[in-house]
Amino acid sequence: VPTSDDICAEDAGDDAATLSCASLSSVGSCGLFCQTGFDQMNKVLDDLSSIEAAGYSATGVTKMAGLDRYITFDDYVSAAKHSAQGTATSFDSSIELLYESSCQTNLKDDGDDEKVLCESTVYQINLDIDPFDQDGVEWLKKARDVLDKYEKDSSVQFKMYLANGAGITYDAEEAVYGAFPAIIGCTMAVVFCLMGFAFGSIVAPLRSVATLCLTLSFVFGLLVLVYQDGAFDFMGMRAMSKVGTVCWFPPVMCFSIIVGLGLDYDVFLISRVFEYRLEGYTDHAAALKGVYMTGYIITAAGVIMAIAFGGLMASTETILNQVSFLLVFSVLMDTFVVRTLCVPALLGLTDSYSWFPKIMPAATRSIGF
């Protein structure tokens, strides 16, 4: 989009080279439609073509598919003359169509009949690679660096925008993952405060946060091993086969669900252990009875949730497969490893300090008493 009305001013008086857009018709402004505008746009295209991440083909007001050179302003002047004389060639017709598809021509804002030729123009860039894979994103970042360089160059009299392609997805991913660490930190802080308030302890919430982090670390790491490295390829299951990358969306979407489910199971177990300890059972006995009394509930709930989430494995969409994988394996990890083994082990390690600083009643009961 031109940033000034005089981008073609230096061409206007060059009658010998027929560089004035006025040679085509009587217009109020040429916009980008002159050799100076063409030269500046071609310079940008040359820099984009030098990016090593990928090759590309471009179609626009100065570039036509199948033509190994840039289209000049003189080509357009010649095409206009041939068209007026009724001797237009196929090439002349092609660049006229190119102008119509690439340039936006508007009437001036004051409502008169004077037109602005090529008030804005668009180039269609087709990469030789998938724009959404890692190489495509690398090209996107380098292309933006090129455009930023020209944005800061005062001699370039137009603004450039790189639209569509992987740009929107990449920007969304960067914005989300830029905020993701803060989301994780805030979530864990809320969990710590709620658990600390519920049990009057600082050890209990630390244990809850630690076990949640264990589950999250396990399933996120396993997700990478399976879908990026192909750890489960030997099973021959399409839903858990290697695709070479992990979609950015499932970890973000599943994080809060995994925390919610894990904390739910944790409260089931810890609240029952806490009740037995208040009844005077020793720390060891309270942990054993808590696991015994809640084990079947947590196991049943975990299996039901795993079956429910596992239904998404039947989808043909990889993103849904990865969502299902995260939820199923997090539930199974929580059910059969974390709540069954890790939490009781941590209760055994902290022993009498499990509810610190809350004052607990004297331990007068053990298993069977």
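Q: How does the lining of the second largest pocket divide by class?
A: This is a predicted model, in which local features need pLDDT of at least 70, side-chain atom pairs count only at pLDDT 80 or more, and totals for chains, interfaces and linings use all residues. Numbering runs from 1 along each chain as its sequence is written, and side-chain values use heavy atoms, leaving out hydrogens and water. A pocket is an open set of points on a 1 Å grid over the protein atoms alone, where a 1.4 Å probe fits, with protein on both sides within 12 Å along at least five of seven lines; lining residues have an atom within 4 Å of a point. Count Ala, Val, Leu, Ile, Met, Phe, Trp, Tyr, Cys and Pro as nonpolar, Asp, Glu, Lys and Arg as charged, and the others, Gly among them, as polar, and you get 13 nonpolar, six polar and five charged residues.

Q: Which helix gives the most to that lining of the second largest pocket?
A: Helices are DSSP runs (H or I, at least four residues) numbered from the N terminus, and strands are E runs of at least two. Helix 4, helix 5 (167–199), helix 6 (203–227) and helix 9 (318–350) each supply at least two lining residues. With five residues, the top contributor is helix 5.

Q: What is the volume of the largest pocket?
A: Its lining has 27 residues, with Y123, I125, Y161, L162 and A163 nearest the centre, and divides into 21 nonpolar, five polar and one charged. A volume is the space filled by probe spheres set on the grid points, which are joined across faces, edges and corners. For the largest pocket, that's about 760 Å³.

Q: Which residue forms a salt bridge with D47?
A: A salt bridge here is a side-chain nitrogen of Lys or Arg within 4 Å of a carboxyl oxygen of Asp or Glu. For D47, the closest N and O atoms of the pair are 2.6 Å apart, and the partner is K149. The pair links distant parts of the chain, 102 residues apart: D47 sits in helix 1, and in helix 4 you'll find K149.

Q: Is D75 buried or exposed?
A: D75 pairs with R69 in a salt bridge, with the closest N and O atoms 3.0 Å apart. The cut-offs are under 20% relative accessible area for buried, over 50% for exposed and partly exposed in between (1.4 Å probe, protein chains only). R69, at 37%, is partly exposed, but D75 has 14% relative accessibility, so D75 counts as buried.
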